[in-house]
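Work through the following exercises with the model open beside you, and try each task before reading its solution.

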Amino acid sequence: MRILVDIGHPGHVHLLKNVAKNLEKDGHTVFYSVRDIPVAKRLMDTYGMPYYDLGRKSDSIMGKAWTVIGQDVKLLRFVIKHKIDIGLSSGIALSHVSRLTRMKSFVFDDDDDEVEPFVVKYCHPFSDVVLSPSVLTGHRKTGKAVFYAGYHELAYLHPNVFSPDRSVLDRLGIKEGEKFFVLRFVALKGHHDIGNKGLSFEQKMTLVNILKENGRVIITAERQLEPDLEPYRLAVPAEDMHSVLAYASLYIGDSQTMTSEAAVLGVPALRCNTFCGRISYLSEEEHKYDLTYAYTPDQFENLIAKLTELLENSSLKEEWSMKRQRLLSDKIDVSAFFTWFIENYPESVRIMSENPDYQYRFR
């Protein structure tokens with residue numbers, strides 16, 4: 001088959017890199033398209049994913065709308081030229097193109113319908129399949145959903161496909177046995193982020209002042225930091241970030257994705273933003289597996305109380321390792337499942353409809 005992997009965010013590179021590698025190994029021809037996102041393009045260069053550049057994204061809603069139209073046209077030409085059979089994405093553009101061609105569109109989406117209204121309205125109806133974590137069963141409006149026992153983060157952080165690289169810490173000047181904390185601050189510029197907020201500058205400084213008394217503070221951020229926070233920024237290459245996170249003593253931030261990454265790696269995670277309680281897969285990691293904790297900015301004092309409790313726990317790593325094993329015992333190797341599903345489509349849809357437990361062959 002001829003397969004197109006469409007990248008609209010750096011996280012999509014991680015999500016689909018192992019699937020693409022598996023498909024290529026099995027003899028399929030895989031193409032890649034990407035927006036002009038420096039981090040995503042660097043990751044694709046690092047992982048050997050030659051891409052067709054679709055141009056820049058926009059921060060404004062109107063800008064995003066015009067961008068989607070222009071990228072639809074570029075993708076349409078590319079799909080026709082290369083006779084694409086299946087398109088893989090987590091965005092809108094490729095699903096639109098599939099309605100104008102013979103290409104089948106598979107969407108990988110893990111947010112609740114209420115959190116991703118644009119995707120639900122403008123992407124799901126045009127897609128052939130929406131692959132969704134099983135925790136979203138009952139939350140999906142589309143009848144095209146196929147549910148699997150996992151999360152996006154398990155497509156690239158499941159122990160079958162990921163082992164942290166200790167040498168990364170040496171290259172970044174993090175000493176053997178050094179206790180350190182990872183903080184991640186995001187821009188909240190996505191269409192689904194409108195009206196939502198994360199940590200304030202004062203709250204960030206409070207966290208830094210508490211944590212620096214207990215170990216080294218490492219901040220990663222999407223945009224420019226305030227001068228008082230800049231000394232704590234560590235320029236971690238995107239391809240090394242998961243190894244750094246895996247060795248961290250604790251994670252705190254307002255990023256959804258990195259919170260889940262920390263959780264599946266067995267690192268205690270504290271999240272603070274107004275999405276608290278509204279995202280099913282994060283709520284499952286919190287309430288079923290007790291791996292992460294979420295607070296709104298107005299509940300910051302409760303976050304500090306939980307942080308203090310965690311810092312005083314001398315057996316934190318051992319406890320979180322056991323919690324992680326419990327999660328992994330319930331979940332599947334997501335990349336292996338995705339690969340099987342794509343290669344056996346449309347028969348795979350029938351199999352999953354008649355026997356959803358078939359997926360547990362991919363452990």
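**Exercise 1. Determine how strand S8 is paired, and whether its residues are buried or exposed.**

Step 1. Strand S8 runs parallel to strand S10 (residues 250-253) and is joined to it by four bridges, where strands are DSSP runs of E with at least two residues, helices are runs of H or I with at least four, and both are numbered from the N terminus. Two strands count as paired if DSSP finds at least two bridges between them. Within this pairing, Phe-181 stands opposite Leu-250.

Step 2. Strand S9 (residues 216-221) is also parallel to S8, with six bridges between them, and Ile-218 of S9 is the bridge partner of Val-182.

Step 3. Phe-180, Val-182 and Arg-184 point one way from S8, while Phe-181, Leu-183 and Phe-185 point the other way. In a regular strand the side chains alternate between the two faces of the sheet.

Step 4. Six of the six residues of S8 (residues 180-185) are buried, so the strand is largely enclosed by the rest of the structure; buried means under 20% relative accessible area, exposed over 50%, and partly exposed in between, with a 1.4 Å probe and protein chains only.

The model is predicted, so local features need pLDDT of at least 70 and side-chain atom pairs count only at pLDDT 80 or more, whereas totals for chains, interfaces and linings use all residues. Residues are numbered from 1 along each chain as its sequence is written, and side-chain values use heavy atoms, with hydrogens and water left out.

**Exercise 2. Explain why helix H11 is described as largely enclosed, and state what it packs against.**

Step 1. Seven of the eight residues of H11 (residues 280-287) are buried, so the rest of the structure largely encloses this helix. Among the buried residues are Tyr-281, Leu-282 and Glu-285.

Step 2. The buried residues of H11 pack against helix H10 (256-265), strand S11 (269-272), strand S12 (292-295) and helix H13 (316-330), contact meaning heavy atoms within 4.5 Å.

**Exercise 3. Decide which stretch of the model calls for caution.**

Step 1. The mean pLDDT of the protein is 91, and 93% of its residues reach 70 or more; pLDDT is the predictor's confidence in each residue, from 0 to 100.

Step 2. Over residues 189-194 the pLDDT is below 50, although this stretch has 15 contacts in the model beyond near neighbours in sequence. Where pLDDT is low, the predicted coordinates should not be read in detail.
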